Amino acid sequence: MKLQIAATGSNDPEVHAAGCTDIQRGLRTRKYQDVRLTGDYDTAYAVVLDWWQDIIAERIEDAQYLHDHPEARLTGDTGELTTEAAEVRDLAPYVKFLPCTKGLPGGFRPSKSTSSR
Ligand SMILES: [Zn+2]
């Protein structure tokens, strides 16, 4: 699924379907600093991984492991993964998937805290 990841003022990522009108609106109102990443993603995990690679750890080999072993994303099996991959999982709750990402496996989820609206 083609997605775009926008960075908010506090640098928290928000994920939209590519071309979603909310992105342009967010940029206009300065809710978003910019659109940081655009890509085609299979799962929400892949999105978080890409964000993490881009922002936090561009050169970590474990990220490459997940690229090469997509099954590890699905099972969440970290048996062969190291701390960095665990950090990807820790980062996941901070990545906000908007309703327009509903078609993405593991994507849009009703937020646990209902305060953000
Ligand atoms: Zn959207």
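Select glycine 26 and show what surrounds it: leaving aside residues up to four places away in sequence, glycine 26 touches Ala6, Lys31 and Tyr32. The model on screen is a predicted one. Glycine 26 has its place in helix H1. Is glycine 26 buried or exposed? Glycine 26 counts as buried because 20 other C-beta atoms lie within 10 Å, and 20 or more is the cut-off for that label. Now draw a distance from the C-alpha of glycine 26 to the C-alpha of alanine 6: the two are 8.7 Å apart in space, and 20 residues apart in sequence.

**The whole chain**

Zoom out and colour by secondary structure. The protein chain has five helices and four strands. Starting at the N terminus, follow the elements in the order β-β-α-β-α-α-α-α-β. Of the 117 residues in the chain, 27% count as buried. Among contacts with a separation of 6 or more, 57% are between residues 24 or more positions apart.

**The sheet**

Next, select the four strands. They form an open sheet in the order E3-E1-E2-E4, and the pairing is mixed. Which strands are at the edges? They are E3 and strand E4 (96-97), each of which pairs on one side only. As background, strands of a sheet pair through backbone hydrogen bonds, and the pairing can be parallel or antiparallel.

Take the pairs one at a time:

- E1 and E3: these strands run antiparallel and are joined by seven bridges. Select isoleucine 5, and opposite it in E3 is leucine 37.
- E1 and E2: these strands also run antiparallel, with five bridges between them. Select leucine 3, whose bridge partner in E2 is alanine 17.
- E2 and E4: this pair runs parallel and has two bridges. Select glutamate 14, whose bridge partner in E4 is lysine 96.

**Two loops**

Go to the hairpin that E1 and E2 form, with four residues between the strands. Select asparagine 11, which is in the loop between strand E1 (2-8) and strand E2 (13-17). Its phi is positive, about 70 degrees, although asparagine 11 is not a glycine. Asparagine 11 is exposed because 10 other C-beta atoms lie within 10 Å, and the label applies at 12 or fewer.

Then move to arginine 30, in the loop between helix H1 (21-28) and strand E3 (32-40). What is the phi of arginine 30? It is positive, about 65 degrees, and arginine 30 is not a glycine either. Arginine 30 is exposed, since 9 other C-beta atoms lie within 10 Å.

**The nonpolar core**

For the last stop, select Leu3, Ile5, Val47, Val48 and Leu49 and show their side chains. These are the residues that touch the most other members of the largest nonpolar core, which has 20 residues. Which element gives the largest share? That element is H2, with eight residues. While the strands are on screen, look at which way their side chains point. In a regular strand the side chains alternate between the two faces of the sheet.

Note on methods: Residues numbered from 1 in each chain as written. Predicted model: local features only at pLDDT ≥ 70, side-chain atom pairs only at ≥ 80, totals over all residues. Core = buried A, V, L, I, M, F, W, Y, C linked by C-beta atoms within 7 Å. Pairing = 2+ DSSP bridges. Contact = placed C-beta atoms within 7 Å.
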